[in-house]
Amino acid sequence: MTTMPAVNTRLASISDVARATPSPQPTHLSVPGSAPAYRHPESDRVDSAIIGGPHVIKESPFYVAKPFAGKEAQMEEVMDELDSRGFIPDSLIQDETKWFYNTLGIDDQYFATESVDNIANHILSIYGAKVAAFARQDHKFELRLDREDEDRAVYIDTSVPGIANLRGPQYEERIDTKYLNGSAPARAYRLETFRSITRPVDNVAEEEPQQFRCYFVYKCDFPEGDVSEDETDMLKISDKRFYEKASENTKNIYKSVIELATSKTSGPVIDMYEIEGSRERRLVIAYRQGSASNYFSALSDLYHYYGLTSTRKYVEQFKNGVSVMCVYLSPSPKSSKFPPIEHSIHQVIKEASLLYCLPQNIYRPLFAQGELSLQESIYAHCVTIFVTHFLNRLGPEYSSLVSILDDGNSAHQEVIGKIKRRLRQETFTRDYIFDIISSQLELVRQFYLSFASTHYVPAVGEDASFLPTLSYQRLKSSTVLSDDALSKLVKRNAANDHHVLVMEAFHLFNKHVLRTNFYTPTKVALSFRLDPGFLPKLEYPQPLFGMFLCVGQEFRGFHLRFRDIARGGIRIVKSRSQEGYNLNARTLFDENYNLANTQQRKNKDIPEGGSKGVILLDYEHQDKATVAFQKYIDAVLDLLLPGDIPGVKNKIVDLYKKEEIIFMGPDENTAGLVDWATLHARERKAPWWKSFFTGKSPELGGIPHDEYGMTSLSVREYVTGIYRKVGISGSEVRKLQTGGPDGDLGSNEILLSNEKYVAIVDGSGVLHDTNGIDRDELLRLAKERKMISDFDVSKLSAEGYRVLVDEKDVVLPSGEVVENGTTFRNLFHLRSGALDQIQMFVPCGGRPEAIDANSVGSLIRDGKSTIPYIVEGANLFLTQEAKLKLEAAGTIIFKDASANKGGVTSSSLEVLASLAFDDEGFYENMCVSDGKVPEFYTKYVAEVQEIIKKNAYLEFEALWREHELTGKPRSVLSDELSNAITNLTEELQNSSLWQDTEFRDMVLSEALPNLLMKKIGLEKILERVPVAYLKAIFGSYLAGRFVYEKGVSPGQFAFFEFMIQKRQGVVVK
């Protein structure tokens, strides 16, 4: 039975608005006055717009199919074939065949490419459906016909125009999934679809007349030769069939949108054409291939929602990586219930950009049924993500338990952590939250209305005498409830306390959104700048300064920072299984918070505080890391840059009312994407584009951490420091390392070290040799950045082995059988026996909390640690509880916040150079050009390396000294030292000391790199670098030098004495 969309009262209430004046709301890229005039091909009209529009053109087909010369002869063969099969009566064969050939509107290309046998099968299927319709009591005609091949596909369906049939075969979703989503220049598919103008059975009465919808999919055949992504020569980039049958007008239209699509990444390019003397409207949409899964099928739900139907649809693929969709839209038979097409078409255009961000939101079925508008469904999708991460599920009992237990007892803290994870996991599952929200749609609508009333920005003309868009009318015609009224409505409608808790989270979300790009005309993902004040202090004791939530089709992600000026990397988290994804989704925010908090402690030597961004790929989109990263960055930029292009990037409602700058860098799975982010920020005219990302290529002034071993230099200072203090030679030490020779930290640790490697664990598996892994082979892998899967196993001793993650039932030299390589890899660092003779363990990679208070027992035997020395190179590899247990068992351990800080120091000094130089000086001194490295760049990198080693040495000595004086665990001292420096930094940069210019200049002269001082001079640096940044340098340098010298708990006169010594430097000068 066909599903009828619910009558939407919000649409019905505005369907009778005067129709005489069309809305001025243009397509997203067509705002009058926004660009030079554009004369459309074959049109006398001149439009002042980026694309121009809406365009009025004369009725003419966009495609002119080449006639199939053999059509008549083929028809005769088909009739002969049908006659031979004997199913259709002889008297009807000719009528049925001609009806199929001439009245369904099927393109001649179908007949030219299909076999006689297949065409006969299709005609028989349709005839059979007609016979069945007569036999049915409701006389309903239904046909489901499909044939799929590698290079083509045909689908024929019956449906009621303008109505989404959710119980049908879902051919459009199948086409999306099987052909369009994966289209790329190397393997692309184009689509043509037509709706018949006749009914399948003329003399059968149907309550809802059906029509045929035919879909034809063809594999693209592009011209030979490579083309670049910005190539727009239609002859070079077009499929040969398209180029042959498309009119010159169509080629020019497509070329205009392709040119814009290749020059931007801020969502789809949309243009609209009015057909002169007709109510038909044609939408042309261009977007990057692979950037919007299921967009084709989702678009049908959108125009159906507004009472429109399509007569023809085309999806064309181009060799430069652009997809173009063309949709012919007309009012549906039941369009009297909806606003007129002259009005609703602009809302379709407006929401097509929003749909592009999330074609497959979890509430799409409710949208397709008319229960929610597109905006409401996507809003609900975003809030659902918010709810899953921030619903306070712990309750007062948890708070009481925390207050009773000893926060200094690691065992107590481990139990608390497990209880928290269990409560979050089992009390409110994702499905349970979805069910609750789906049962409270009226509340969803009210909360969306409250959200929209705050953040919706009227487009050009909406507040004038022109007919406004439907979004604007909804806001003006509906009552926005107050906060108290919303809370009362929640309690009145809720079925139980769980419903109240979930729906109140909508209220929490609305109250804490300070900025959003939800209503920005063009966007690629949704972003929200949140006030983090709603986070419970019990769970997140260190308050965040800023929080961003980004939601896209392929991902969700956060960016968290602890100070206004903060620095940290952006990482992408991938999942090997659905179970792994569910775990990653549950822990996403906590992992992000902990990483940023670690970064805050790690950044003690630099002016920036700690931040981190984490992007979690949806399980279905594990291959879309680059797309997700680009969308995440662009969505964040939407909230950092002023909207100054009407119709493209409008101004947004800003409740924060302060300018923000975010400093980012590379991290897990993002190292190769940094250059794109830098150039994209420049393209979007960000004034701080040079400093936006660190770790970029030398051609853009970056200092690559991996090439110069910046992070490893700091880690090595701690490793060699231990050897120095305990009086052993590194060459005699047996070593375990997680994170292999393919990674930044892992490869450089191998290249810089001289220990005897016994075991290495990386993403591909485990390599172990109790006699020592061949060093030359390891060096080869490290230099080539290859995993241990490329290790030449012939160079292992008789006792050595390699077990890869995909291997099963591997027999080790000892006779032990490894049943599952992945499990063996994941738990190898806890394996007894194999690690008994390990002396140094340096984690350079691996998932956070790989060793916790529960699993750490595997490394302790008879109260004594089996590994004497650990330097935590990888962030959060061990929990604090695990570190404390290991220290109590005798391990000398230095945690990540101390050891792994070389990279952030390098990044900070890279940013300082970009801020201190003007553009000309930056290009001359910091950018490698044509392989030529500037002399200044080479010397500056060397100075950065020395600063990293010096800072690591100072902290190592301070921690060693403090441990000997106090007996406190080094893991505790590391946090105390970091907190002491960061707290003192805050006080110093806001103190009156900054006003003492002579003292200020003396401190900055010490703190700033010598080369920058000599090249630019302090006066110019003070002029160019933001004051807030310089104050942070001033404070962090003084605080660091004081704490490293005097300790974390100096006497009350210690700072006074320290300042006297510093001021003596001014007097002497």
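Good morning. The structure is a predicted model, in which local features need pLDDT of at least 70 and side-chain atom pairs count only at pLDDT 80 or more, while totals for chains, interfaces and linings use all residues. Residues are numbered from 1 along each chain as its sequence is written, and side-chain values use heavy atoms, with hydrogens and water left out.

I begin with the chain as a whole. Its secondary structure comprises 40 helices and 29 strands. Here helices (H or I, at least four residues) and strands (E, at least two) are DSSP runs, numbered from the N terminus. The chain has 1069 residues, and 60% of them count as buried. Buried means under 20% relative accessible area, exposed means over 50%, and partly exposed lies in between, with a 1.4 Å probe and protein chains only. The accessible surface is about 41700 Å², and carbon and sulfur atoms make up 50% of it. Such areas come from the Shrake-Rupley method with a 1.4 Å probe; for residues, only the protein chains shown count as cover. Among contacts with a separation of 6 or more, 71% are between residues 24 or more positions apart, where contact means heavy atoms within 4.5 Å.

Two strands pair if DSSP finds at least two bridges between them.

How is strand 20 paired with strand 21? Strand 20 (residues 756–762) runs antiparallel to strand 21 (residues 765–768), with four bridges, and D762 has G765 as its bridge partner. With strand 19 (residues 734–738), strand 20 pairs in the parallel sense over five bridges; there T738 is partnered by V761. Because six of the seven residues of strand 20 are buried, this strand is largely enclosed by the rest of the structure.

Next come the salt bridges, of which the whole structure has 71. A salt bridge is a side-chain nitrogen of Lys or Arg within 4 Å of a carboxyl oxygen of Asp or Glu. R187 and E150 form one, with their closest N and O atoms 3.5 Å apart. This pair links distant parts of the chain, as the two residues are 37 residues apart and lie in separate loops. R187 is partly exposed at 41% relative accessibility, and E150 is partly exposed at 44%.

In helix 9 (residues 248–262), E259 and K255 are four residues apart, which means about one helical turn separates them. Their side chains meet in a salt bridge at 3.6 Å, N to O.

Is R571 buried or exposed? At 5% relative accessibility, R571 is buried. Its salt-bridge partner E668, at 3.8 Å from N to O, lies in the loop between strand 18 and helix 23 (674–683), whereas R571 is in strand 16, so the pair ties together parts 97 residues apart in sequence. Finally, R515, R529, R561, D564, D654 and E660 are linked in a network of salt bridges.

I close with the surface. F1053, F1056 and I1060 form a nonpolar patch with about 330 Å² of accessible area together. Patches are made of residues with over 30% relative accessible area and no salt bridge; like charges are joined within 9 Å and nonpolar side chains (Val, Leu, Ile, Met, Phe, Trp, Tyr) within 5 Å. F1056 belongs to helix 40 (residues 1054–1068) and is exposed, with a relative accessible area of 54%. Thank you.
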